[in-house]
Amino acid sequence: MAIQWYPGHMAKAKREVQEQLKKVDVVIELVDARAPESSQNPMLQEVIGDKRRIFVLMKRDLADEKKTQKWISFFEGQGHQAIAIDVNKKNDIQSFIQLTKQLSVKVNEKREEKGVNPRSIRAMVIGIPNVGKSTLINRLAKKKTAETGDKPGVTKKQQWIKVTNFFDLLDTPGILWPKFEDQEVGYKLAAIGTIKDQILHLDDIAIYVLNFFKNSYPSHLIDRYDLKMEEEDVVRWFDHIGKKRGCLIAGGEVDYEKVADLIIQDLRNGYLGKVTFD
Ligand SMILES: Nc1nc2c(ncn2[C@@H]2O[C@H](COP(=O)(O)OP(=O)(O)OP(=O)(O)O)[C@@H](O)[C@H]2O)c(=O)[nH]1
Ligand SMILES: [Mg+2]
């Protein structure tokens, strides 16, 4: 989690991913369903080239369902397969595996056309930090523990997990850096917990979140904090929330740092309801 993305670090990450990519037919690109655009790596497209992609919108349990559907249609419209999952739902994992089955049929049709024998598709997971790469790999591996296959290439040493008889997965994900250029993207990523809290100020993130909800999901705020929407000043909301929730310093003053932290934790725990920032 504490990765600092210095230029040398990025170059190394890119090289490692390019090395791994040589071994696979398919890239499983994880994005956060709460920010499917902002949580993409800025140069992944360039790194992947024309390799097949499945977009997996992770943490769908925390995202706005309508927007999730729109994003899936968007990715499909671009010619990719796309699915939203909550890794804690067995059905979602099954649906994902079903998708890889369809893909394996397509890949093998191509192989047969070329007169090459069909085989399992080989895939790897790629995504920015904290998007859920390890969790997904573990869920997929649990179905059948990693095994040293009798097929060449499917050995423990080469780190393949045999998920089904048509789908092998590289057991180490490709980690790439998030987008930094745009300030608003930065706030979104900080809000969902991708960028370390120290990089952007906690107060600013919380203010961004309050303003975003005020515009897009006002009822969520009213429900959670009993706020009055006529009150224009977000700082007054801090006071209101602080008093209501007992975030106070010694003299009874509101502790703004604590309020900011509370808002962000509430958001990440889903207490502010399902939300999508993109
Ligand atoms: N609610 C919810 N949480 C999830 C889901 N998938 C992953 N998480 C949580 O997201 C957090 C990060 O998951 P990881 O699997 O560690 O993410 P990662 O991409 O491997 O992160 P790095 O190794 O830091 O790059 C963990 O707290 C997971 O429990 C999901 O579908 N729903
Ligand atoms: Mg991980």
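Modeller: A polar contact is a pair of N or O atoms within 3.5 Å; within protein, one must be able to donate a hydrogen and the other to accept it, and residues adjacent in sequence count only if both atoms are side-chain atoms. This is a predicted model, where local features need pLDDT of at least 70, side-chain atom pairs count only at pLDDT 80 or more, and totals for chains, interfaces and linings use all residues. Residues are numbered from 1 along each chain as its sequence is written, chains are lettered from A and ligands numbered from 1 in the order in which they are written, and side-chain values use heavy atoms, leaving out hydrogens and water.

Biologist: Is arginine 53 buried or exposed?

Modeller: Leaving aside neighbours within four places in sequence, arginine 53 is in contact (heavy atoms within 4.5 Å) with Val27, Glu29, Gln45, Ile48, His80 and Gln81. The cut-offs are under 20% relative accessible area for buried, over 50% for exposed and partly exposed in between, using a 1.4 Å probe and protein chains only. Arginine 53 comes out at 7%, so the label is buried.

Biologist: Which side chain does glutamine 81 meet in a polar contact of 3.4 Å?

Modeller: Glutamine 81 belongs to strand S3, residues 81-84, and counts as buried because its relative accessibility is 12%. Skipping residues up to four places away, glutamine 81 touches Arg53, Ile54, Phe55, Leu99, Gln102 and Leu103. The polar partner at 3.4 Å is glutamine 102.

Biologist: How far apart in space are glutamine 159 and leucine 170, C-alpha to C-alpha?

Modeller: Glutamine 159 is in the loop between H5 and strand S5 (160-164), and with a relative accessible area of 32% it's partly exposed. Beyond residues up to four places away, glutamine 159 touches Leu169, Leu170, Asp171 and Thr172. Glutamine 159 and leucine 170 are 11 residues apart in sequence, while the C-alpha distance is 5.8 Å.

Biologist: On to the ligand: which helix gives the largest share of the shell around ligand 1?

Modeller: There are 15 residues around ligand 1, the closest being Asp61, Val87, Lys133, Ser134 and Thr135 (near means a heavy atom within 4 Å). The largest share, 3 residues spanned by 133-143, is from helix H5.

Biologist: What percentage of the accessible area of ligand 1 does the protein cover?

Modeller: Start with the oxygen atoms of ligand 1: one lies 2.4 Å from a polar side-chain atom of threonine 135, and a backbone N or O atom of valine 87 is 2.9 Å from an oxygen of the ligand. A polar backbone atom of glycine 132 is 3.0 Å from a ligand oxygen. Of the 660 Å² that ligand 1 has on its own (Shrake-Rupley, 1.4 Å probe), the protein covers 71%.

How values were computed: Helices (H or I, at least four residues) and strands (E, at least two) are DSSP runs, numbered from the N terminus.
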